[in-house]
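Subject: Structure handover

Hello,

Here is the structure I promised you. Please open it and keep it in view while you read my notes.

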Amino acid sequence: MQFCSTRGGVYGWDFRDVLFSGYAPDGGMFMPENVPVLSPDTLWCWRGLPYTKLVVEVASLFIPSQLIPRQDLEVLVSEALSGFSVPEVVRIARLREGLSVLELFHGETLAFKDLAMTCTVRFLDYFLKKENRRATVLVGTSGDTGGSAIQSAKGLSGLDVVVVYPRGRITPVQEKHMITCLENNVHVFAADGSSDDIDQPLRSLFADQELVKSHGLMSLNSVNWSRVMIQLVHFIYMYLELSGMEQNETDAALPELQVVVPTGGAGNIAAGFIVKQMGLPLKLVAMVNSNDIVHRTVTNGDFSMAANVTQTLAPAIDIQDPYNMERVFWLLLDRDGGSVKNMMEEFQQTHRHSLPENHRKLLSQVLSTGTVTDEGILETMRRCWEENQYVLCPHTAVAVWHHYHCPPSPGLHRCYVATASPAKFQAAVQRAGLTFDLPEAVQALDKLATRYENLGRSLDWSKDWEERLREKIQSVTSSREKERDLL
């Protein structure tokens, strides 16, 4: 299994190479050169597997045993997922009128990102120990990624984590999951801007190949292929559990499953589309909030950023740059790296690209979309509680809105992805007139000391932030070298 860039300039990298990379050197994103296809027989064999074992099966398709032997892979995945609050790691809530919700939020930071992050960090640690080296992780976050990266990597001797979050645009719980971590290998910055603003200096830093190589700089956003790889398992697990395939004869055509996903950076949508390419008959629905670039792209070809990011009740998807759509476009355009390069470079330079109608039609055939207002989020949260005594987080409500306004046709199985616990979004829960008992671990965050640095909004803020972060990366490396010399 080898990997290439979506922009056509890089081929032949292995899993270890892409694991330690952010963007590809040509600015693109890594994808498998050949997407493996799952036969119906394989799916039947996998049906009933515990989630942890399914992760191992899927990961082994992309990680050769020469890099991580199967026995080691099983141990790494088992250890990564051992700290989840439910023994089955993920759970499906089966509610009234066919409303099935896949709960992906039972990790330490109560968000779906814990699943892929814990596994990815274990893979990193495995190679770092094997090679007796260090790496520095640089993460920009819209709320959940930063906390998950910190909690997964804190205290590890081979990793430093530098996280930048948008001050005032995330919830108190999201913020506290980051700023209460006082481990020496964790460095947190609060930036006066949006998550899309944060992406600008980060892209510049990752484009500096000398910096990347000399400091072992890498990303743990869903830019990183390993994150997307683990997210494939969400869709395969949903399919095995909810498609109704067990009701068919073993030689019958596989039944369809519609999956509805709250969408921001489009990592889950990219994963779902890859799984569709792997042979599973998925119907994908991307639901967005008022930051509706994915919806506009699918419905009228308008792949353009709005002037500003709109703050909503679902802050983790307050994103105008859905960077994982690059992976979708690459698959959609039959792996045409040149076309993707031209499209994405135009988008990065001008913040807009008009999708040709033939490309838009191709996209609309594999992806449906919808957009939900804050009032729609609150209405959905209330209705789900009234009918099921089940509290949704505002992001999950963005997806479940589709259930109440676009009921499934008879015979079509459907699942909604719950990306976070309502415990992280108390203000939204209260605005909906609901209550949700906070877990003890969340209550304890209020009593912990905090540590972070500020990134203020100067006239040349992007360049200033880039320099501050560059200095931090360099000082971290210098400190670790001094520690090594003392040993």
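A residue counts as buried when its relative accessible area is under 20%. By that rule, 61% of the 487 residues of the protein are buried. Please remember that this is a predicted model.

Start with the overall build. The protein has 20 helices and 15 strands. Its C-alpha trace spans about 65 × 50 × 45 Å along the principal axes. Now the contacts with a separation of 6 or more: 75% of them join residues 24 or more positions apart. The accessible surface comes to about 18900 Å², and carbon and sulfur atoms hold 47% of that.

The largest pocket has about 960 Å³ of space. Its lining has 40 residues, and L128, R133, R134, A135 and G158 are the closest to its centre. Which helix supplies the largest share of this lining? It is α20, with six residues. Other elements that each give at least two residues include α5 (113-131) and β6 (159-166). By class, this lining has 13 nonpolar, 14 polar and 13 charged residues.

The second largest pocket holds about 520 Å³. It is lined by 28 residues, with G107, E108, L110, P439 and V442 nearest its centre. Helix α19 (residues 440-444) gives the most to this lining, with three residues. Here the classes are 16 nonpolar, eight polar and four charged.

Best wishes

Note on methods. Residues are numbered from 1 along each chain as its sequence is written. This is a predicted model: local features need pLDDT of at least 70, side-chain atom pairs count only at pLDDT 80 or more; totals for chains, interfaces and linings use all residues. Side-chain values use heavy atoms; hydrogens and water are left out. On a 1 Å grid over the protein atoms alone, a cavity is a set of points where a 1.4 Å probe fits but cannot get out, and a pocket is an open set with protein on both sides within 12 Å along at least five of seven lines; lining residues have an atom within 4 Å of a point. Grid points are joined across faces, edges and corners, and a volume is the space filled by probe spheres set on the points. Helices (H or I, at least four residues) and strands (E, at least two) are DSSP runs, numbered from the N terminus. Ala, Val, Leu, Ile, Met, Phe, Trp, Tyr, Cys and Pro count as nonpolar, Asp, Glu, Lys and Arg as charged, and the others, Gly among them, as polar. Buried means under 20% relative accessible area, exposed over 50%, partly exposed in between (1.4 Å probe, protein chains only). Contact means heavy atoms within 4.5 Å. Accessible areas come from the Shrake-Rupley method with a 1.4 Å probe; for residues, only the protein chains shown count as cover.
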